[in-house]
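Reader: Please take one part of this model and look at it closely. Tell me what sits around it and how it packs. Keep it brisk.

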Amino acid sequence: MLALFWALVANQAATLVLSPILVEIARDFDVSVSAAGQLRAIAGAISGVAALALGAVAGRLGLKRTLLGGLALLALAAGLSAAAPSFAVLAAAQALGGLSIALVQASAVAGVTVWVPLEHRARALSWILPGQSAAWIAGMPLIGLVGGLSWRYAFLVVPLAAALPALALGTTLAPTAARATSARADLLDLARDRVVRAWAFGELCAYAAAGGTTVYLGALLIETYDVSLLVAGLVLGLAMLAYLPGSLLFRRWIDAASQRLLIGLGLAGAATAALIGALRPSVVVTAGLVVAFMFVNAGRTISGSAFGLDAAPSRAVAIMGVRTGMIQFGYLVGGGLGGVALHAGGYAATGATFATLYVLGVLPHVALRRGSARAAATGGG
């Protein structure tokens with residue numbers, strides 16, 4: 001489990017590094033903050049497409065080689081980002097990072113079905129997925145510390161530094177064989193499944209909301225309260241401490257009630273996202289809301305993963321590729337809509353936009369539950 005945990009640390013480090021340094025990047029390259037926010041959207045677009053093709057890659061290379069290849073690309077993208085001489089080069093490096101994120105995210109989570117016995121899946125997910133929060137807890141203060149010197153150092157001390165031990169640990173995993181089944185057939189079968197389609201749409205909306213919120217959190221703190229990059233990094237890192245207890249608390253219910261959790265926690269995410277944007281009387285209040293936001297999303301993340309694996313247990317790699325695609329397309333949608341909303345109406349508008357996306361992500365699960373209830377009533381009659 002340690003290798004998969006650390007792979008997600010590196011993966012999330014590559015995802016989060018932009019959030020607290022958006023303002024500095026915008027100043028350095030003379031672009032707007034909303035334009036700088038599109039760097040994550042670019043990575044999301046590349047990553048989303050790549051994630052849907054993960055089955056083909058893993059089928060030829062095996063899951064272990066796919067994971068290691070993704071981590072190597074992640075390290076390369078971090079180095080190129082740190083050295084980027086222009087905004088265009090930085091965008092290209094982030095596109096390469098998007099490809100690596102797709103490979104690492106999906107193969108690490110799918111690895112739970114390969115390297116962890118079925119009876120330990122819930123426990124494994126509750127310890128592996130918090131690798132994402134560990135990256136925030138350690139990475140945000142580090143970014144704040146070195147980002148004051150140059151935003152370029154952030155790429156070196158967070159994603160690059162995390163990728164190297166992840167590569168070393170990944171080599172200890174048992175080899176995995178290539179699969180004989182067609183990745184295209186996997187995707188077509190999943191696309192025909194009504195439950196999978198509903199789940200995928202819900203994940204897309206929820207991750208657009210969550211990803212968009214996290215992309216702009218650092219800029220919100222800096223521009224609203226005029227705090228330093230170090231303070232913003234500390235606030236975001238400490239807030240992510242709520243992720244681990246959230247994962248551990250909600251794991252006890254994911255086997256029996258994952259869909260109910262997706263509905264309830266999705267609505268809670270909508271409320272906290274809206275309040276973060278609209279209610280900003282002090283940095284302490286915003287920090288408290290961010291803590292609640294992280295706690296809610298921890299439960300929603302583990303519930304969404306469990307529901308997806310249950311929906312297609314024989315196609316774990318393909319379903320986690322779809323999930324990763326939805327996460328990354330979510331960053332594309334969230335970053336894009338968040339940038340438009342920020343330009344049009346400020347941070348209150350971004351909060352309202354992300355709250356709406358959360359609610360849209362809940363609706364497919366409400367419809368599924370109503371359909372199941374009607375089917376049960378008809379069968380019982």
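**A close look at one helix**

Author: Start with Ala-208. Neighbours within four places in sequence aside, Ala-208 is in contact (heavy atoms within 4.5 Å) with Gly-330, Val-333, Gly-334, Phe-354 and Leu-357. The model is predicted: local features need pLDDT of at least 70, side-chain atom pairs count only at pLDDT 80 or more, and totals for chains, interfaces and linings use all residues. Residues are numbered from 1 along each chain as its sequence is written, and side-chain values use heavy atoms, with hydrogens and water left out.

Ala-208 lies in helix H13. Helices here are DSSP runs (H or I, at least four residues), numbered from the N terminus. Ala-208 has a relative accessible area of 1%, so it is buried (under 20%, with exposed over 50% and partly exposed in between; 1.4 Å probe, protein chains only). Gly-336 is 128 residues away from Ala-208 in sequence. In space, the two are 9.4 Å apart, C-alpha to C-alpha.

Now the packing. H13 spans residues 194-225, and its partner H14 spans residues 229-239. They pack at about 130 degrees, with axes 9 Å apart. Axes are lines fitted to C-alpha atoms over the stretch in contact, and angles run from 0 to 180 degrees between N-to-C directions. H13 is therefore oblique to H14. Oblique is what remains after under 35 degrees (roughly parallel), over 145 (roughly antiparallel) and 65 to 115 (roughly perpendicular). The crossing is right-handed: the near helix is turned clockwise from the far one by less than a right angle.

Which residues make the contact? H13 brings Leu-217, Gly-218, Leu-221 and Ile-222. H14 brings Leu-229, Ala-232, Val-235 and Leu-236. Seven are nonpolar, one is polar and none is charged. Nonpolar covers Ala, Val, Leu, Ile, Met, Phe, Trp, Tyr, Cys and Pro; charged covers Asp, Glu, Lys and Arg; the others, Gly among them, are polar.

Two of these residues have further partners. Leu-221 touches Thr-286, which sits in helix H17 (residues 283-311). Thr-286 is buried, at 0% relative accessible area. The other contacts of Thr-286, sequence neighbours within four places aside, include Leu-220, Tyr-225 and Leu-279. Ile-21 and Met-294 have the most contacts inside the largest nonpolar core, which has 113 residues. Such a core is a set of buried Ala, Val, Leu, Ile, Met, Phe, Trp, Tyr and Cys residues joined through side-chain atoms within 4.5 Å.

Methods: Helices (H or I, at least four residues) and strands (E, at least two) are DSSP runs, numbered from the N terminus.
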